[in-house]
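The sequence and the structure are shown first.

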Amino acid sequence: MDCKNAKVNQFVKESAELLQPDDIVWIDGSEEQIEELRRIACSTGEMIKLNQEVLPNCYYHRTAINDVARVEDRTFICSREQRNAGATNNWIPPAEAYAMTDEIMRGKMKGRTMYVIPYSMGVVGSPFSKIGIEITDSIYVVLNMVIMTRVGEKVMQALGEDGDFVRGQHAKCDLDAEKRYILQFPEDNYIRSCNSGYGGNVLLGKKCFALRIASYQGWKEGWMAEHMLILGVENPQGETKYIAAAFPSACGKTNLAMLIPPEGYRAKGYKLWTVGDDIAWIRIGEDGRFYAQNPEAGFFGVAPGTNEKSNPNAMACTKEGTIFTNVVLKKDGTVWWEKMDKNPPRDAEDWTGKPWDPDSGKPGAHPNSRFTAPARNCPCISPEWENPQGVPLSAIIFGGRRAKTAPLVYQSRDWDHGVFVGSIMASETTAAADGATGVVRRDPMSMLPFCGYDMGDYFQHWLDMGKKTTADKLPKIFNVNWFRLDEEGNFIWPGFGENFRVLEWILKRCENQVGAQETPIGFVPKVDDICLDGLDYEIKPGHKFTKEDLQTILTINNQWWLEDIENIHAFYEKIGKTVPEELRNELTAMENRLKA
């Protein structure tokens, strides 16, 4: 590829001097080149070609056993001042971070090929889009980036001879967990990742660029980079309204993004369209409304628990052109994972490559095993998913996994209160983050691990964005919780496709078509305003979901919330003095309402 951009050429030259590869290959995005890379990866064992009759163009990969998830404790924001990284991010001064990783990465591509990946986050040429160049020695990374982003010559053409870009260097090095670092330099538009091969740490367009770097860019440039799905709900009249929603991992985010409405709604003509399942870049349009675009071109989904019942659209996405990571490899060259179906294979290989069968007592797939699938495969992909102007948002939803505190759904009082609602989001940790599972933690806007600057400044940016337009143009803000439990630990709400019933109420609220009950925490639905027609769900054997159960999960227990407030105060204190006064006032006001 002939590169006329001097800044790109200089970056590639500096990277080669540091990493000392035997060869340099520019990724042009052509099918011929991609096919050759697949062949090389299969010849070295980096990839395994799957059964092409059943899974055409699908491949399998295993990561190192010590390298299976994002490593939040090894992830740093390297801003020039520690105050700009904030109290919730790990921080290393940039000069120290560069010097440390120079030492770790120097010469680590000797005997290897250095791949140069020009990629666009967002539709090439869209006003939303940003361009990156990733350096890597992993064909697995190249092939994933080809699925997850727009790659190749068209990106270089859009960049032009003088365009700027986000610089990303990844080197597998020795996969040494003690020298594994994922470093973001927001002021320099720079990312470094070393000693990892796991997607969340090495697909630099994803969390590193699309959230950590882009959130900082958005702060400085007046837009937002958010950890949100985007979906469209089409009514029987053919009108589509768009929603963005933030959920921490394992809270049903991908399932909601690809949700299929219940049969009764489908019969009436309702449809749901997927715009994106993970990241939303949001700008204010000329009409004053918030517009969102999915900057990715693929889905990097958690495999275990994904099945024909929980998410048939995700399953359909994986049938062609997909890379499976750390799942079970079946003897016939196909794949399996826990809860995929009720027929676990025998005489298979687990995610580490060892013989496995279901009687072993151990999971065959890693809990954070993944599929990387092209978004175009999705049966419900929105006709607008590549609209260069994005889609207009009617609502923003925050969600979490709470056993008893949060109701099924509630609406904020206004924009500032909605920012407060997002700032106090809490959920349980999952296998997607390397660490303990089942621990409740605060994760405001689902951005705590992904914000590239101080969290208090991030909250202020949200408040400021609300001031850039008029109240009637702002998306309405809601909170949902699909995970309320009864005293025996059963889920009270059925979830999955039935969540459409809640989306219907949310959109009716956006159109002022239905009322609500005012509570100390916000506006909660009246029981009769959530449609239960055709709902057939057993909470436990012999106990079918009733209107009384709905009332239970819409009820606010003031004492539980007052107990939660102590935790919120502590979380705000952890963030520190940068928490906006407006949010502290919202917390005090809610506490007073609960006590009253």
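In what follows, a residue is called buried when its relative accessible area is under 20%. The model is predicted.

**Helix α14.** By that criterion, Phe500, Arg501, Val502, Leu503, Glu504, Trp505, Ile506, Leu507, Arg509 and Cys510 of α14 are buried. Helix α14, which spans residues 500-510, is thus mostly covered, with 10 of its 11 residues buried. After α14 comes Asn512, which has a positive phi, near 55°.

**Helices α12 and α13.** The axes of these two helices approach within 9 Å and cross at roughly 155°. The angle makes α12 roughly antiparallel to α13, because angles over 145 degrees are counted in that class. The crossing of α12 and α13 is right-handed. On the α12 side, Trp415, Asp416, Val419 and Ser423 take part in the contact, and they meet Phe459, Trp462, Leu463 and Gly466 of α13. By residue class, this contact of α12 with α13 comprises 5 nonpolar, 2 polar and 1 charged.

**The sheet.** An open sheet is formed by 5 strands in the order β2-β3-β19-β24-β18, with mixed pairing. Strands of a sheet pair through backbone hydrogen bonds, in either a parallel or an antiparallel sense. At the edges lie β2 and β18, each of which pairs on one side only. Within the sheet, β19 and β24 are paired in the antiparallel sense over 3 bridges. Phe324 stands opposite Phe371 in β24.

| Strand | Residues |
|---|---|
| β2 | 48-49 |
| β18 | 298-302 |
| β19 | 323-325 |
| β24 | 370-374 |

How values were computed
Residues are numbered from 1 along each chain as its sequence is written. This is a predicted model: local features need pLDDT of at least 70, side-chain atom pairs count only at pLDDT 80 or more; totals for chains, interfaces and linings use all residues. Side-chain values use heavy atoms; hydrogens and water are left out. Axes are lines fitted to C-alpha atoms, for helices over the stretch in contact, and angles run from 0 to 180 degrees between N-to-C directions. Helices (H or I, at least four residues) and strands (E, at least two) are DSSP runs, numbered from the N terminus. Angles under 35 degrees count as roughly parallel, over 145 as roughly antiparallel, 65 to 115 as roughly perpendicular and the rest as oblique. A crossing is left-handed if the near helix is turned anticlockwise from the far one by less than a right angle, and right-handed if clockwise. Contact means heavy atoms within 4.5 Å. Ala, Val, Leu, Ile, Met, Phe, Trp, Tyr, Cys and Pro count as nonpolar, Asp, Glu, Lys and Arg as charged, and the others, Gly among them, as polar. Two strands pair if DSSP finds at least two bridges between them. Buried means under 20% relative accessible area, exposed over 50%, partly exposed in between (1.4 Å probe, protein chains only).
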